[in-house]
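User: I am new to this structure. Can you show me how to read it, one feature after another?

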Amino acid sequence: MAWEGSREAAAIALDALRANKLRSALTILGVAIGVITVTFMVSIIQGLNRAFAEQIESLGSNTIFISKFDPSFGRPPTAEERQRKDLTVEDAEAIAREAKSVVSVAPVHRKLSVSARYLDHQTDTPALLGVTPAYEFTLSQYVGRGRFITEFDMSERSNVCVLAQDVVRALFPFDEPLDKEVRIDGRPFRVIGVMEPLGNFFGQSRDNTILIPLATFDKYYGGIDAPFPETLFFIIVRPRTRADVANAVDEITDILRRRRQVPAGAPNNFGISTQDSLLDFYNQLTGATALVLTAISFVALAIGGIGVMNIMLVSVTERTREIGIRKAVGARRRDILRQFLIEAVTLTLIGGLAGLIVGEVASLLMNRYSPLPAYVPLWAIIVGIGISALVGIGFGLWPAWKAARLDPVEALRYE
Amino acid sequence: MLTAQVQEEIVPYGELLAQEAVPAALISMRDIWRTYQMGEEQVHALRGVSFDVQKGEYVAIIGPSGSGKSTLMNIIGCLDTPTRGRYWINGKLVSEMDDDELARIRNKEVGFVFQTFNLLPRATALHNVELPLIYAGVPAAERRERAKRALMAVDLADRMMHKPNELSGGQRQRVAIARALVNHPSILLADEPTGALDTATSREIMNLFERLHEEGNTIIIVTHEPDIAARAHRIISIRDGRIEKDERVK
């Protein structure tokens, strides 16, 4: 019987919506915009989260990153950070020697961009990395063809280089790069190897690098005194296993504090970050954003809901006589209540479905045509439909209750 | 003020009487009052109405406008509840019922016919007639069948799928009568059923009522037109909220 009543109520609801097409459409639009907003926001947040987690995973297996600056996302270093003593190759050697949880250490000296030239091909964007033979294993980034930098290259400070994929593509679109001579900032270097491709990190290529021996780098680029941010010296550490990350961080901290003579109780004058700490930082950053986005979504939904309530109140007033007739032939309060609730929920569900479809399409387009990743998880779709139904019930309840409570005598007299 | 106090003393006695015996009549009203609060003032639309209607009677309630006959009809039809007094339908004390129980009574015991028809404008004749059965919880197939039969009984077999605005006044009123009868109510209650119809159509509708009465239905018609009332077998005249006259005419 409840089922019969609900089916009747649903039929009445659809009929009433059809009777006022424009009005219903506008109301549905309001709800749809609310749900679009929610879907879109969720998809962006989810997309970013997922992309970030994937990207961080792709950076290598649980490496630890040490520089004299505290970890930051694009924040310029403070004056205090700038005045800190630089890290040195000796620090890296000390870590490799003393830290038990560490299997390999790679000191890296980086110049943000250099110009590289081969015959009439030139690129001005690659980063130049001065590295040691330990680089490959420490970062799990291996040479694909040719060979990597050796201890011999280091001691000879020889002018050899290993090119990553982007540089190969720019300088040797048709030619074989191995054993060719390229000019880096005007100086001749022999190509000894080509790195395996790494892909992108947040839309930025990780393959636009040239690797040369650390000793050679220091020969040309003024040791480690070159100004930040043009050049930066940092140390990459590979712990024994993932479980050793925390121990390794502790050991490295001890070693560096001792070597840099940090007084007990004073904060570190260097920065150590792990993938976990990156993720933590990211979550902090996006947590606040997610909160704001969620709040905005709910404001949008509430506006849609108020639209529903408004239209339902109009509908109840317009159909006062109909309610009177239904009551006269035996409709109970709950029958009328159900009729109008189903009408409100139908409105919001149609809006919700429309919103989900548009939101889904929008995030697909976004994935395709913008660097921002978007992803709509299944739970978001279920939650979206659930929320639109709840909005219908929440905002439809009062109008429906008003209708249900109408005095039949008054309602029948209504013109 | 004094009269009000006297009445209040009488009520418990009336209740005592009521508890002693459940009347056997189809409709039984005992000292029905209906009072409206109009701002500061109390308006008594009904001032102690009592009467019985037996099964199978054909009763007209007449009275000038403002006499309280519409209020009486709303109370008979369980659309309204008395401020004071007791009212039984089929031995059920409806004056004490809550909203939902009254809805059940309207659904099962009362069939309404209104002056302005009160059909759902966007629904077909068939669907309008089905309406009471929907709220009675009758399954769709049976509902449809019964609604069809009710429409055939009022000679509208060929107009079932028409909407009210596609029907003449007389046809609309016959749809309303079919709706009133479809759930086999104890009482057919009509409020000025010919008020919106021309003379010829009025006669046609009144003939229909007569036929329905002969088939055993209990009919109560509220009207202010003497010649409509004259077709009934009993006339109750209301004036100033009281029964002025209650006479058997046939």
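Predicted model: local features only at pLDDT ≥ 70, side-chain atom pairs only at ≥ 80, totals over all residues.

User: How do I read an interface? How many residues of chain B are in contact with chain A?

Analyst: Count the residues on each side, with C-beta atoms within 7 Å as the cut-off. Here 22 residues of chain B meet 19 residues of chain A.

User: Which helix of chain B gives the most to that side?

Analyst: Helix 3 of chain B, with six residues. Helix 3 (99-108) and helix 4 (125-136) of chain B each supply at least two. By type, the chain B side has eleven nonpolar, four polar and seven charged residues.

User: Next, the sheet. In what order do the six strands of the chain B sheet lie?

Analyst: Read across the sheet: the order is 6-7-8-3-9-10 in chain B. The sheet is open, and its pairing is mixed. The twist averages 15° from one strand to the next.

User: Why is one side of strand 6 and of strand 10 of chain B left without a neighbour in the sheet?

Analyst: Strand 6 (110-113) and strand 10 (242-248) of chain B stand at the edges, so each has a single partner strand.

User: In which sense do strand 7 and strand 8 of chain B pair?

Analyst: Parallel, over five bridges. Strand 7 covers residues 187-191 and strand 8 covers residues 218-223 of chain B. For one residue pair, take B:Leu188: its bridge partner in strand 8 is B:Ile219.

User: Where does UniProt place the feature "transmembrane region" in chain A?

Analyst: The unreviewed UniProt entry lists residues 26-48, 290-316, 336-358 and 378-398 of chain A. Now compare the record with the model. Residues 26-48 of chain A are 100% helix, with end C-alpha atoms 33 Å apart. Residues 378-398 of chain A are 100% helix, with end C-alpha atoms 32 Å apart.

Key. Residues numbered from 1 in each chain as written. Chains lettered and ligands numbered in written order. Contact = placed C-beta atoms within 7 Å. Helix = DSSP H or I, 4+ residues; strand = E, 2+ residues; numbered from the N terminus. Nonpolar A, V, L, I, M, F, W, Y, C, P; charged D, E, K, R; others polar. Pairing = 2+ DSSP bridges. Axes fitted to C-alpha atoms, helices over the stretch in contact; angles between N-to-C directions. UniProt positions renumbered as here; feature names shortened; annotations may be inferred.
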